[in-house]
Amino acid sequence: METVTSTPDTSLPERVHVVCAEPSVANHFLAELRDVDVQRDSLRFRRNLQRLGEIIAYRISSQLSYTTKTVQTPLGESNGELLRDFPVLATVLRAGLPFHQGFLNYFDQSPSAFAAAYRIEGTAQVQVQLDYLTAPNLDERVLILADPMLASGKSLVQTYRAMVRFGQPRQVHIAAVIASPEGVEYVTREIPEATLWVAAVDEGLNEQAYIVPGLGDAGDLSYGSKL
């Protein structure tokens, strides 16, 4: 299987980080996610979403605040750097669940927030219905909002605007596996305070506002087709 990589795009805003722009095992996981033959194994598909969540979580961790603590080892003492406070991890159901788990594997003491949002099909423009939302207090917290596919960006922006009813974060990170240039432009314009982390930025959107080449429907590939 040929590895899919992304080349750096110097036209992207400074606060947009493309993880697969450089060679790493993340490119392997991304290529498997795209491959229609590998996609037949839903367990492997979910695990690869988790793995990319873990990789992006690690990258985001370099932007967080730490405090020094002296710890006792069996042979002496050592100074360690501990997270000052764990971020709030938010995702959009259902496609975001495996990706979210990757972040939770690394930020294992983090509280979670969830939104149920879906596209209303059969319309000329993309419309998003937000039916369910739960979150802890977000005041002065670090918020990581993760969704595998950043297509038009409307669901992410709508979800974020709904979540800030629970408080104003001091730092915002948005994470996706695959993004479109249109989605990146929309999210960075509508949420200028956010830093965006994606595995890859693809060619664009088709007439149905799906990412091309993309990978298909992440929710269906993770959990089975819906009616």
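Student: Among contacts in the protein between residues at least 6 apart in sequence, what percentage join residues at least 24 apart?
Tutor: The share is 62%; a contact means heavy atoms within 4.5 Å. Please note that this is a predicted model, in which local features need pLDDT of at least 70, side-chain atom pairs count only at pLDDT 80 or more, and totals for chains, interfaces and linings use all residues. Residues are numbered from 1 along each chain as its sequence is written, and side-chain values use heavy atoms, with hydrogens and water left out.

Student: How many helices and strands does the protein have?
Tutor: The protein has six helices and 12 strands. These are DSSP runs (helices: H or I, at least four residues; strands: E, at least two), numbered from the N terminus.

Student: And how compact is the protein?
Tutor: Its radius of gyration, taken over C-alpha atoms, is 18 Å, close to the 17 Å that the globule rule gives for 227 residues, so the protein is as compact as a globular protein of that length. The rule is 2.2 Å times the number of residues to the power 0.38. Along the principal axes, the C-alpha atoms fill a box of roughly 65 × 45 × 35 Å.

Student: What percentage of the residues count as buried?
Tutor: Of the 227 residues, 47% count as buried. Buried means under 20% relative accessible area, exposed over 50%, and partly exposed in between (1.4 Å probe, protein chains only).

Student: Let us take helix 5. Which residues are buried there?
Tutor: In helix 5, residues 181-190, the buried ones are Gly183, Val184, Tyr186 and Val187. Seen down the helix axis, they fall within an arc of 170°, so they line one face of helix 5. That arc is taken from the directions from the axis to the C-beta atoms.

Student: What covers them?
Tutor: The cover includes strand 1 (16-18), strand 8 (149-150), helix 4 (154-163), strand 9 (171-179) and strand 10 (194-201).

Student: New topic: where is the cis peptide bond with omega about -5°?
Tutor: That bond joins Leu93 and Arg94. Arg94 lies in the loop between strand 4 (88-93) and helix 3 (96-106). The bond from Val212 to Pro213 is cis as well, with omega near 0°. Pro213 sits in the loop between strand 12 (211-212) and helix 6 (218-223).

Student: What is the phi of Glu140?
Tutor: Glu140 is not a glycine, yet its phi is positive, about 60°. Glu140 belongs to the loop between strand 6 (127-134) and strand 7 (142-146).

Student: Is Glu140 buried or exposed?
Tutor: Glu140 is exposed, with a relative accessible area of 54%.

Student: And Ala209, buried or exposed?
Tutor: Ala209 counts as buried, at 10% relative accessibility. Its phi is also positive, near 65°, and its place is the loop between strand 11 (204-205) and strand 12.
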